[in-house]
Amino acid sequence: MAKTLRLGIAGLGTVGGGVLDILARHGALVAARAGVKTEVTAVSARDRKKNRGHDLSKLMWHDDPVALAADPAIDVFVELMGGEGDPAKAAVETALKAGKHVITANKALLAHHGAALARLAEDRGVALNFEAAVAGGIPIIKTLREGLVGNRVGKVFGIMNGTCNYILTKMANEGRSFADVLKEAQALGYAEADPTFDVGGFDTAHKLAVLTSLAFGTEVNLKAIDIEGIEQVTLEDIRNASDMGYKIKLLGVAIAREEGIEQRVNPTLVRKGSPVSDTDGVFNAVVVKGDFVGDLMLEGRGAGAHPTASAVLSDIVDLARGNWRPAFGVPARDLKPYRAAPQMAHEGGFYVALELHDKPGAVAAVARILADEKISIESIVQRGKIEKDTPRATAPFILITHDTVETAMRAALARIERDGHVASAPRMIRIERL
Ligand code: NAP
Ligand code: HSE
């Protein structure tokens, strides 16, 4: 074999460890497919003494990942540390400026600085590859960048965070608490170093921002995303939704409308049996609507060492084969300026949970307010007082609406609260008809 592709890996945690595992197990297979031998020659992490289950004694060690990025002994810098800022950003910039290809799984970095980094890569004639950054082992980047080039994409949406999907699934199936399942997801290596990125919806937003750019050929725009996490979703909401034929999923949704692009991340009720509703646990699913291909759904493990490392390996082999494209599908300077659809353009059904004062006329008052706002009800569940021994002056009142505009829904809920019909703030979850 004529040449060796020399890799420098910064970050030897969940994903970095997974990459070392795959190369150790499938080195020959990867070399045969790549056409060249791929070899890790240098690494960096915080703690040199940590036992990582791999013999690193023959590799060059750098305490400073930026120094690794500049090391002439590597051809490709693989950034698996995470974080939107330094050292990840400085290291990636250093590698690109030094004319090295970069592979990263860091969606936070891409969502904040993706377009600038892509421009830098193109100026230096090197690749910026990031298959592992969105939806773990699912090859959605390649699908959008290559497989669907003959289509105009109108919508891309899906479950893009394994931690949240794992939490919501375990809460639904096992009745376990949010906090308990989150700890388990962390132990399994699914969660971000700071798990508020997962449960707060920010990680999904980072991924959505990247997919939106690829799908619609626009500049990455994280700030335009309306973000809501799953922290407020209760076991009761999950049970109510299930009784009414729905599951609750954290979805990222991007739609190209005439008025501009709509991007949002929020917990969503999806009808049981519809696409993505059966995607449970750590699995992710991404649906793309192309004008010629129609609907396409890709499903697979969205987090964890080996599925994510599998995506990193596909980037490595692409580089070895000389198969690399502009990072966001078109040259970064040709990305169109992002034009946002007006806020609140969303139209759809809503799940609403009210803690209604249990007194005559309360339901009628709520119904009147909804009618004033021209909101039509699909179904209603009123639960009686739950505990005999702890009498409540309120009763949970759950309703599902037919499609309506979000502004009307918000106005109605504000009025219900203002008029004193409820004991706590109403909870509202969007319904997506898929
Ligand atoms: P992780 O387990 O926390 O590992 C992070 C690694 O980076 C560790 O080896 C750590 O060193 C090293 N590191 C952190 N700060 C450093 C610094 N300042 N200098 C040198 N090394 C530093 O994280 P991970 O889960 O592997 O995630 C890595 C990246 O992949 C992130 O961008 C994440 O968003 C992305 N990602 C993760 C998954 C997943 O399922 N976990 C899936 C897709 C994408 P020590 O080991 O010495 O502490
Ligand atoms: N924390 C992320 C998740 C890792 O749970 O999906 C994969 O990007």
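Analyst: Helices (H or I, at least four residues) and strands (E, at least two) are DSSP runs, numbered from the N terminus. This is a predicted model, in which local features need pLDDT of at least 70 and side-chain atom pairs count only at pLDDT 80 or more, while totals for chains, interfaces and linings use all residues. Residues are numbered from 1 along each chain as its sequence is written, chains are lettered from A and ligands numbered from 1 in the order in which they are written, and side-chain values use heavy atoms, with hydrogens and water left out.

User: How many helices and strands does the protein chain have, and why is the chain called as compact as a globular protein of its length?

Analyst: The protein chain has 13 helices and 17 strands. Its radius of gyration is 24 Å, close to the 22 Å given by the globule rule for 434 residues, and the chain is therefore as compact as a globular protein of that length. The radius is taken over C-alpha atoms, and the rule is 2.2 Å times the number of residues to the power 0.38. Along the principal axes, the C-alpha atoms of the chain fill a box of roughly 85 × 50 × 35 Å.

User: Why is Ala 135 called buried, and why is Lys 374 called exposed?

Analyst: Buried means under 20% relative accessible area and exposed over 50%, with partly exposed in between (1.4 Å probe, protein chains only). Ala 135 has a relative accessible area of 0%, so it is buried, whereas Lys 374 has a value of 72% and is therefore exposed. Across the protein chain, buried residues make up 54% of the 434 residues.

User: What is the phi of Ala 135 and of Lys 374, and where are Ala 135 and Lys 374 found?

Analyst: Phi of Ala 135 is near 65°, a positive value in a residue other than glycine, and Ala 135 belongs to the loop between strand 6 (128–129) and helix 5 (140–147). Lys 374 is not a glycine either, yet has a positive phi of about 60°; its loop runs between helix 12 (362–372) and strand 14 (377–382).

User: What makes strand 3 and strand 6 the edge strands of their sheet?

Analyst: Two strands pair if DSSP finds at least two bridges between them. Six strands form an open sheet in the order 3-2-1-4-5-6, with parallel pairing. Strand 3 (60–62) and strand 6 each pair on one side only, and these are the edge strands.

User: How do you know that strand 1 pairs with strand 2, and that strand 5 pairs with strand 6?

Analyst: Strand 1 (residues 4–10) runs parallel to strand 2 and is joined to it by seven bridges, with Ala 10 standing opposite Ser 44 in strand 2. Strand 5 (residues 101–104) and strand 6 are also paired in the parallel sense, over two bridges, and Ile 103 stands opposite Asn 129 in strand 6. Strand 2 (residues 37–44) is mostly covered, since six of its eight residues are buried.

User: What makes strand 10 mostly covered, and which strands pair with it?

Analyst: Eleven of the twelve residues of strand 10 (residues 260–271) are buried. Strand 9 (residues 246–257) pairs with strand 10 in the antiparallel sense over twelve bridges, Arg 257 standing opposite Gly 260, and a hairpin joins the two through two residues. Strand 8 (residues 226–227) pairs with strand 10 in the parallel sense over two bridges, and the partner of Ile 227 in strand 10 is Val 265. Strand 17 (residues 427–431) runs parallel to strand 10 and is joined to it by two bridges, the partner of Leu 269 being Ile 431.

User: Which residues is Arg 339 in contact with, leaving aside its neighbours within four places in sequence?

Analyst: Contact means heavy atoms within 4.5 Å. With those neighbours left aside, Arg 339 is in contact with Glu 258, Glu 259, Gly 260 and Ile 261. Arg 339 itself lies in the loop between helix 11 (305–320) and strand 13 (347–357).
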